[in-house]
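Subject: A structure for you

Hi,

Here is the structure I promised to pass on. Have a look at it first, and then read on for my notes on what turned up.

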Amino acid sequence: MASQKDTTGKGKILIMATENCAYPGANSVGQAHSTYPANTYIIRVRAPVLFPEQFYLDCFKKGISGIIIMSCGEECPYEGAYHALAKRIDRVYQLMKENGLDIRRLRLTSICTVCNRAFLKEVNDMNELISELGPPVLDKAA
Amino acid sequence: MSTNQEKKATGEQKKVGIYICHCGGNISDHVDVEKLAENVKDLDGVAVVHTNTFMCSDPGQELIQNDIRDGKVNRVVVASCAPSLHELTFRGAIKRAGMNPYLYEHANIREQVSWVHHGDQATEKATGLVAGAVAKALRLQPLEPIRVEARRHATVIGAGVAGLRAACDLACRGLEVALIEKSPFIGGRTASLGRLVPTGEQAEEVITQIAAKAMANDKVTIYSCTEVVGFEGFVGNFRLTLKRKPPEEPYSAAEPQKIRMDHLEKGEFLPAAGIFPGDVPDKEQEIFLETGAIVMATGFRSYVPGEGEYGYLHSDKVITLAELVELIARYPDRRGRFLQVKGKPVRRMAFIHCVGSRQIPGIHEPDQDGRLNEYCSRTCCAATLQAAVQIRSSFPETQIFDFYRDIRTYGRGQEEVYREASRQRVTFFRFEPEDPPRVQKSSGGKFPLLVSVKDTLTFGEQIDVPVDLVVLATGMEPTPIKELVEMMKLPVGADGFLQEVHPKLRPVEVANTGILLAGTCQAPMDVGEACNAAQAAAAKTTAMLARGYVELDPFVARVDPERCKGTGLCREACPIEGAIELKERQVDGKTVVQAQITPALCTGCGICVAVCPSRALDINGWTLEQYEAMVDAIVAA
Ligand SMILES: Cc1cc2nc3c(=O)[nH]c(=O)nc-3n(C[C@H](O)[C@H](O)[C@H](O)COP(=O)(O)OP(=O)(O)OC[C@H]3O[C@@H](n4cnc5c(N)ncnc54)[C@H](O)[C@@H]3O)c2cc1C
């Protein structure tokens, strides 16, 4: 089972990066050898619209400190998926508030295949935020 | 790191093999690969861990295949570079060893670890990512690719030498071919060339021959004056909308004059324009095409120097190599004491190399889009020297001065041209990029222009050469095809050319399955190289379409009938007409309504997964449960 505490003493950031845009975008940052905080874990997704609201709350419950959804934005190759995603994230924010979670811990962005600067900014911003906020604590059993 | 040792014994025992790549130091210089192996060897379900200098090499792949054949592993995790590079390589290796290729997961520890993090942190993060991959691998199920019918029809966009070559090869192998060319002529830029380096053949003859073959083959339909304006579908089943419209009269670059088309016959060659394919439309037309694959052959355009770059546009005695070559090509039989340009004899002329190529940030001016052409255009050195040799032979009193950064006569037969130019007493000067030659109008004097340079072939001597003509050896830029790039979502490299997946592993393919690259739309090439690339693209296209079907990734939605309650929420959420339907089914003698997926229509976006209250839907290969397990593993690592 997942352990609640973070062994590195530094919160972990989960990044959901779309296979068509943000994931190659993260690779492009790698090709440029630009460093960024290592507490970032990128998982490859086809479209983040796949995840139900509960998935996000569960991540925080498991101890993930921050989540960045790096979507394709308007470039999304799947019809209607981006708008459905944006709506879903609004509902997740609602649930986060109900659970006493700072909604800045979840960020929806779009990152293109060569958006190196935007990628670095998002990651650094989130890292700063979670070091300020500390580990996530949920008010009630979500 | 998980120390949880309990092994689940559900059904067949899952045995994960982890294969960690050094990438020849790219990974192992920053990630402690042996420590990583140690960190993950006791994870749930892990049977073996191997490391290798290059996992993608034959010995690396054999390592995996031997473990599979020996029954040691039935799930594979490779930790190496970005999956876009080698996912297919490893799937292929696994399949050849007799295992289902989808029982494989990739951990990206190069682009997303060793190239961006250093020291212990890098090893720690790699551990987390590999642990996540193992967690996913344990939950993978064997999948079968989806088979869809493919049209035995290919479309080539651009009828330069590369497009023509590809069209001929495709048709010879039995495919129907649509060859789409935006201009009224076929042959592309080669039609403006004269004697080709390195073979010495006449460009006109080369393209006339290939074009004649294309025109004579009834499997090839040529659409001149045509552009692609609509694009839909996927490999095997693309749908294109073409717009064919009456041409604006084209102009010749070297000698501005309208090219007239009214008296031309089919197959006739017109210098600087190309071969006339037979007709021009008199009114606009829209054409729909169904095609199985697309070969991009949209070619290049010559770099246009900025105003004042080496005196360009400030003096009409400064011209580009393309203009000079076209002039020579137009009048191949002219002889005399002096070369004549714009009605004036050229007593002395200068060539300047690397104009618009090999540009250096901080030294050269970027274009309006902020781009610099940092690449070498490959063809200009040899073409420059070829022109010099021809001028020296036909107009022996025209003296030639050649200002270069480096001479790159790289290919077979090219060095000979350089040697011949020296033998013909072309005078060479070498300059450094930060100290380029200066071209000025000379006041008074016998010559209108003065070229000054600090010559590094000597002691850095300052040299002033008065000349009648300056020729700028301008490089290549990709033909601007922004609309096509956006419409077809084509990958473009940092240099602006279309990008192949990998120059050795998957040459001439782009990441979008079913789209291939031929010729200079991909990089600067000479005619021979463009034809090589075109043949490769044609061979790959034929191999892909010849069977009459293509196999697509099986990453589409599936329904678990045990869980589906028939709420229909998935169908409401699904944006694709017909991808999900509600169907009646008999379960234990009762009729139930359940969701049913049509795999060929499903795009695998997963919108349905999130809305199902009973978690009855998943995307094959990307299930919610797999993601949850990955997050658990990452948190625990
Ligand atoms: C000055 C100079 C000298 C050279 N000398 C030599 C030499 O001596 N030997 C040698 O081997 N090579 C030489 N080359 C290189 C040679 O010109 C190229 O290798 C060759 O032309 C490349 O052919 P291509 O088919 O890739 O592109 P192109 O010749 O550019 O053809 C592309 C075709 O696509 C069409 N097209 C573009 N966009 C679209 C669109 N959106 N829709 C439909 N059609 C489109 C264009 O109209 C064109 O017909 C020289 C090049 C230059 C500039």
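To start with the ligand: which residue has a polar backbone atom 2.7 Å from an oxygen atom of the ligand? That is Arg189(B). Please keep in mind that this is a predicted model.

Two further contacts of this kind may interest you. An oxygen atom of the ligand sits 3.1 Å from a polar atom in the side chain of Thr190(B). With Ala297(B), a polar backbone atom is involved, and the distance to a ligand oxygen is 3.4 Å. On its own, the ligand has 1000 Å² of accessible area, and the protein covers 94% of this. In chain B, the elements that contribute two or more residues to the shell around the ligand are α6 (161-172), β9 (226-234), β15 (300-302) and α8 (321-330).

As for the shell as a whole, 35 residues surround the ligand. The closest of them are Glu181(B), Arg189(B), Thr520(B), Met525(B) and Val527(B). By type, the shell splits into 18 nonpolar, 12 polar and 5 charged residues. Domain 2 (153-299 + 479-550) and domain 3 (309-474) of chain B each supply at least three residues to the shell.

One more residue, on a separate topic: Leu270(B) belongs to strand β11 (residues 269-270) of chain B. Is Leu270(B) buried or exposed? It counts as buried because its relative accessibility is 18%, and the cut-off for buried is under 20%. Between Leu270(B) and Gly71(B) there are 67 Å in space, C-alpha to C-alpha, and the two are 199 residues apart in sequence.

Best wishes

Definitions and conventions
Residues numbered from 1 in each chain as written. Chains lettered and ligands numbered in written order. Predicted model: local features only at pLDDT ≥ 70, side-chain atom pairs only at ≥ 80, totals over all residues. Heavy atoms only, no water. Helix = DSSP H or I, 4+ residues; strand = E, 2+ residues; numbered from the N terminus. Buried < 20%, exposed > 50% of the residue type's maximum accessible area, 1.4 Å probe, protein only. Near = heavy atom within 4 Å. Polar contact = N/O pair within 3.5 Å; in protein donor to acceptor, adjacent residues only side chain to side chain. Areas by Shrake-Rupley, 256 points an atom, 1.4 Å probe, with all protein chains shown as cover. Nonpolar A, V, L, I, M, F, W, Y, C, P; charged D, E, K, R; others polar. Domains from an automatic or database assignment.
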